[in-house]
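Here is a quick tour for someone meeting this structure for the first time. Have a look at the sequence and the model, then read on.

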Amino acid sequence: MRIDCKHVWQHISAYIDGEVDAELRAEIDKHLETCEICSAVLDSTRNVVVLVADDRVFELPAGFSDRLHARLEKELELAGPS
Amino acid sequence: MTAPNPQFEAECIRRILAGERHLFHDLIRPCERPIYFLLMSILRNETEAEDAAQETAIKVYLNLKNFRGDAQFRTWVLSIARNEGLGRLRKAGTRREDSLDAEADDQTGDYTPAILTSWREVPLEALERQELGAMLRKAIEGLPEIYRNVVLLRDIEEMDVRETAAALGITEGAVKVRLHRARALLQRELTPRLEGFAPRQKGLFGWFKA
């Protein structure tokens with residue numbers, strides 16, 4: 001049975017994460033060979049996932065780590081963990 | 001992000017509890033980013049998230065003896081962070097999205113992606129342009145909280161489905177569904193605006209198209 005575009009979209013996230021079974025993957029791959037819309041949807045979704053994962057997108061505020069460890073240092077002096 | 005190292009963590013915890021308190025700095029360091037960004041996702045305020053992150057680290061330290069080792073250390077730390085964040089929202093009386101979020105999970109909703117017929121990849125180098133990072137952050141910040149939390153842990157902190165589920169106190173199935181919806185929403189929101197960041201294509205004779 002040939003799967004349609006909507007069916008492919010439902011599984012795009014799982015497909016990107018490699019979480020679809022071999023049979024479904026083969027069907028999606030076959031669909032992608034001939035469907036330029038689904039190929040573009042897949043490529044653009046994957047592109048978004050790759051971009052947001054870059055460390056430059058979400059950076060800790062400047063000095064965050066220093067302030068955290070300075071506060072911890074005080075706490076460590078005050079009390080033990082038991 | 002730094003991958004967790006259970007052996008290092010177990011050894012560290014043992015030595016900290018035996019009195020080498022200073023080792024706690026090394027133990028908590030790999031968790032700093034996910035702690036902060038999870039709290040940022042819950043509290044949506046930098047100052048508040050930073051303060052809550054510090055409180056979380058202190059609570060982790062004070063409760064270290066209660067860590068059983070049956071969960072990953074980072075998962076345990078993130079559940080403490082989540083409780084800290086939610087506690088602050090409750091205290092401030094601003095647990096605004098609770099009921100909406102619960103409903104959102106059951107809805108089928110419209111998660112149709114933006115339809116396009118071709119895609120030119122936006123390379124990571126494009127992130128040198130600050131407006132691209134700002135655009136991505138804004139899109140993620142605009143997601144409903146339940147989707148934002150999952151995207152942050154799964155796609156930004158690159159945690160696996162199991163750990164994300166444990167840290168957020170939801171099922172693995174819910175992680176997958178929310179991640180799918182979040183990615184579809186992001187694709188729809190960002191795709192039309194990302195095109196401007198793709199490199200220009202070379203024309204037939206190597207010229208750049210206008």
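The largest nonpolar core has 60 residues, and the ones touching the most other members are B:Ile35, B:Leu38, B:Leu39, B:Val77 and B:Val151. A nonpolar core here is a set of buried Ala, Val, Leu, Ile, Met, Phe, Trp, Tyr and Cys residues joined through C-beta atoms within 7 Å. Buried means 20 or more other C-beta atoms within 10 Å of a residue's own, exposed means 12 or fewer, and partly exposed is in between, with C-beta atoms placed from the backbone. Apart from that core lies another one, of eight residues, including A:Trp9 and A:Tyr15.

This is a predicted model, where local features need pLDDT of at least 70, side-chain atom pairs count only at pLDDT 80 or more, and totals for chains, interfaces and linings use all residues. Residues are numbered from 1 along each chain as its sequence is written, while chains are lettered from A and ligands numbered from 1 in the order in which they are written.

Now for where the chains meet.

Helix H10 of chain B, residues 172-194, reaches 31 Å from its first C-alpha to its last. Helices are DSSP runs (H or I, at least four residues), numbered from the N terminus. B:Pro199 sits in the segment after H10 of chain B and is exposed, because 12 other C-beta atoms lie within 10 Å.

Conventions:
Helix = DSSP H or I, 4+ residues; strand = E, 2+ residues; numbered from the N terminus. Expected span 1.5 Å × (residues − 1).
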